[in-house]
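Hello,

Here is the structure I promised to pass on. Please open it first, then read my notes below.

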Amino acid sequence: MRALPHDDPRSLAQQAEVHCSYCNNGYPQVGYRDLKMQVHSCWLFFPFHRWYLYFYEKIMGELIGDPTFALPFWNWDAPAGMYIPEIFTDTTSSLYDQYRNAKHQPPKLLDLNYSGTDDEVDDATRIKENLTTMYQQMVSKAKSHRLFYGTPYSAGDDLKPGEGNLELIPHDSIHFWTGDPKQAHLEDMGTFYSAGRDPLFYAHHSNVDRMWSIYKSKLGGTDIEKTDWLDTEFLFYDEKKNLVRVKVRDSLDTTKLGYVYDDKVEIPWLTSKP
Ligand code: C2O
């Protein structure tokens, strides 16, 4: 993906720009030229990123000649995954990105509540706090569709009506924790336009996507039934470079998209009620 020419929609550069287009006002809303399309801070957060990963994964499978290829998830909700996975920090690997926080290299533990400053606590305390945070964001603060998915966002609405709790923490905080504070906008992970340039982005979002699955499979969460949500459409390039149009309603069942999450992976925060 890195080696493909910039104008190939399957290149890493173009994939990052797909994200940028949906996040940095690249598209006007149909019928409302003055209003922009933004998939964050609203109820499109989970389904947009699921489709985005879907095509990214298909493209990777096509390029390596293995249609069964599956993206790994960065298992940051379990203690053993609470740091940047080492495969991403090998400087000779194509998974490496030079614009990350130098102070947050493994084995530095992730702070799921990170808000820009490193407060030094011991590892056992940090792990406990992180697990409690997961329980809060996924269980106690996810008691309605609005709290979990984010605020409704329909045609004609101003952008960014409001984040769901999981989008805010830990999704956003992990972006800020990973990005390089020496860059003007916390590039790459810490800002929309460049986040997709870091291969770690896709592993991060695979775990965000996994949280959506857990919400439905383990926590009794349900799909939103409003047609404004179900019929929202996005455009992506598929693995054959065709532009395709997809709907939120077709993202809800991962088995229809060809994948499931490994059920044997432990979910330690399920019992971390504060
Ligand atoms: Cu589209 Cu993690 O952001």
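Buried residues account for 36% of the 274 residues in the protein. Please keep in mind that this is a predicted model.

First, the overall fold. The protein has eight helices and four strands. Along the sequence they follow the pattern α-β-β-α-α-α-α-α-α-α-β-β. The radius of gyration is 18 Å, close to the 19 Å that the globule rule gives for 274 residues, so the protein is as compact as a globular protein of that length. The C-alpha trace spans about 50 × 45 × 40 Å along its principal axes.

Next, the contacts. Take those between residues at least 6 apart in sequence. Of these, 61% join residues at least 24 apart.

Now the core. The largest nonpolar core has 50 residues. Which residues have the most contacts inside it? They are Trp43, Leu44, Phe45, Phe48, Trp51, Tyr52 and Phe55.

The largest share comes from H2, with 10 residues.

Leaving aside residues up to four places away in sequence, Leu44 touches Val39, Tyr153 and Thr232. Leu44 is also among the core residues with the most contacts inside the core.

Over to you.

Best wishes

How values were computed: Residues numbered from 1 in each chain as written. Predicted model: local features only at pLDDT ≥ 70, side-chain atom pairs only at ≥ 80, totals over all residues. Helix = DSSP H or I, 4+ residues; strand = E, 2+ residues; numbered from the N terminus. Rg over C-alpha atoms; globule rule 2.2 N^0.38 Å. Buried ≥ 20, exposed ≤ 12 C-beta atoms within 10 Å, placed from the backbone. Contact = placed C-beta atoms within 7 Å. Core = buried A, V, L, I, M, F, W, Y, C linked by C-beta atoms within 7 Å.
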